[in-house]
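Good morning, and thank you for coming.

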Amino acid sequence: MFFGAERRRIPSPDTLPLRRWEPAIVAFLAMFGIAGYVLGRYGTLTPLAGVGVAAAIALAFAAIVTRLAIATARIQPEHDPDDPRYVFQGRVGVVTTAIPLGGEGMIRFQESVRGAETAVRAREIAGGAIDAGQEVCIERVEDNVAHVELWATVEQRL
């Protein structure tokens, strides 16, 4: 629950992006409880035999669920789900050449924490004008043109 659908980085092709014991234990415990209840309530077995049968059913169910979880974890998406236009979304930059009404200017921003500064053409997302020296927030970068919005406007929404 704390990690969600965790997909760890795969260090080698032989390892899986999944811990095998988690689905196995959960499936075993769930089925052991269900089978134990049904056999205890409606079965004609002795209690010890009922526990043995419930454990065997739970083991078989855990093996099936684990195989299903492993098969699901190995599925690779057909395409990269990350849209390259939104790689720099949320980055704050500074307008170096004023952005005129409905036109393009220039902004400067850092690509990463210790990365070099990058300068790209920019356009205001609503078509407005932004003066040089203003801080802007990048919404997306399409065809080497950053679509930006004043940082003050974004900050008010936060």
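Strand β2 and strand β3 (residues 117-124) pair in the antiparallel sense, over six bridges; strands pair if DSSP finds at least two bridges between them. Helices (H or I, at least four residues) and strands (E, at least two) are DSSP runs, numbered from the N terminus. Please bear in mind that this is a predicted model, in which local features need pLDDT of at least 70, side-chain atom pairs count only at pLDDT 80 or more, and totals for chains, interfaces and linings use all residues. Residues are numbered from 1 along each chain as its sequence is written, and side-chain values use heavy atoms, with hydrogens and water left out.

Within this pairing, Ile-107 has Val-120 in β3 as its bridge partner. Both strands belong to a closed barrel of five strands, in the order β1-β2-β3-β5-β4, with mixed pairing.

Let us turn to the rings. Rings of Phe, Tyr and Trp (its six-membered ring) pair if their centres lie within 6.5 Å; planes under 30 degrees apart count as stacked, over 60 as edge-to-face and the rest as tilted. By this rule there are two aromatic pairs. Phe-28 and Phe-32 are stacked, because their planes stand at 10°, with ring centres 5.7 Å apart. The two are about one helical turn apart, being four residues apart in helix α1 (residues 21-42).

Phe-88 and Phe-109 have ring centres 5.1 Å apart and planes at 65°, so this pair is edge-to-face. It links distant parts of the chain, 21 residues apart: Phe-88 lies in the loop between α2 (47-73) and β1 (92-97), and Phe-109 in strand β2 (residues 105-110).
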